[in-house]
Amino acid sequence: MSGKLIKYEFKQMKSALLPVAIALAVITGIIFCVVIVPMLVFGINDSEGGILSIFLAYITFILYVVILIVTGIGMNIYIGVRFYKTVYSGVGYFTNTLPLKKHEIILGKVIPAVVVQTIVTLMIVVSASIILGGYILVTDGFGDLMLYIARFKGAVLGDFTMLNGMGIVLGIVFGCLFAIIQTVSNTLLLFLAVSIGQLFNSHKILMSVIIFIVMNRVFNAVDAIIEVITKAFVYGPFIHSPSIYSVITMILINTKNIIIVVVAYAISYRILRDKLNLE
């Protein structure tokens, strides 16, 4: 039965995922035509056309970054609101009468949410790569584009060179694992905020938003503290092996995220099981 719930969630989330995909594709195409094409036509120089193309590039890139931020926030809002509506609002009566255990309901919400957020993230990465790649190609040429790609690969995977021939594979696996755990942690933190918000007698949605923002800021500060402490105690002694510093930092942040996942899941489960107060 939990499998059916997951399939149902995926089916419902298509209504949000498809417009996001179309919007990103359209925005990417527009920016490519507005920024990259004029640079190809006018070139990068001090001429009026070149200056205009550079000006358009800066303005468009700023708007593009704003759009990406809004997209990320919008997905969080959508997932949080959907969890609230299908678990704690009137629709929650139907959800909670299903022959499912409470943990199956939570997992049935978490898994689709994580997959959808991962897909959106990948779409953003592809969109940004197309635009950034086109910009570098126009401004620096194909040779420099390949050089930038090589440097990027070295920066991302270089932290795992100490693992010899398996560095690239382990780098990709570790990076994907880090991203997945981060997404799961963020999702369950969002669900926890929604669940805690239901404990208030009024302004439940507003309290959920405030709680999520506060927890998010606190854990971002914890990440910063982890980086500072790791740099203080690890970076100095291993200054000739900065990869060790990066790997240890990622492991500590991952450990923090796993703790968040366990605690957020346990509290959300307890509230759903014992403190359920449907509207």
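Phe 83 and Tyr 88 are both buried, meaning under 20% relative accessible area with a 1.4 Å probe and protein chains only. The model is predicted: local features need pLDDT of at least 70, side-chain atom pairs count only at pLDDT 80 or more, and totals for chains, interfaces and linings use all residues. Residues are numbered from 1 along each chain as its sequence is written, and side-chain values use heavy atoms, without hydrogens and water.

The whole structure holds 2 aromatic pairs. Rings of Phe, Tyr and Trp (its six-membered ring) pair if their centres lie within 6.5 Å; planes under 30 degrees apart are stacked, over 60 edge-to-face, the rest tilted. Phe 83 and Tyr 88 pair edge-to-face, at 5.8 Å centre to centre and 80 degrees between the planes. Phe 83 and Phe 191 have centres 4.0 Å apart and planes at 10 degrees, so this pair is stacked. Phe 83 lies in helix H2 and Phe 191 in helix H5, so the pair ties together parts 108 residues apart in sequence. Helices are DSSP runs (H or I, at least four residues), numbered from the N terminus. Phe 191 is buried too. Phe 83, Tyr 88 and Phe 191 make one aromatic cluster.

Now the core. A nonpolar core is a set of buried Ala, Val, Leu, Ile, Met, Phe, Trp, Tyr and Cys residues joined through side-chain atoms within 4.5 Å. The largest has 43 residues; Tyr 88, Val 120 and Leu 188 touch the most other members. A second, separate core of 5 residues includes Phe 174 and Met 250.

Technical notes
Buried < 20%, exposed > 50% of the residue type's maximum accessible area, 1.4 Å probe, protein only. Helix = DSSP H or I, 4+ residues; strand = E, 2+ residues; numbered from the N terminus.
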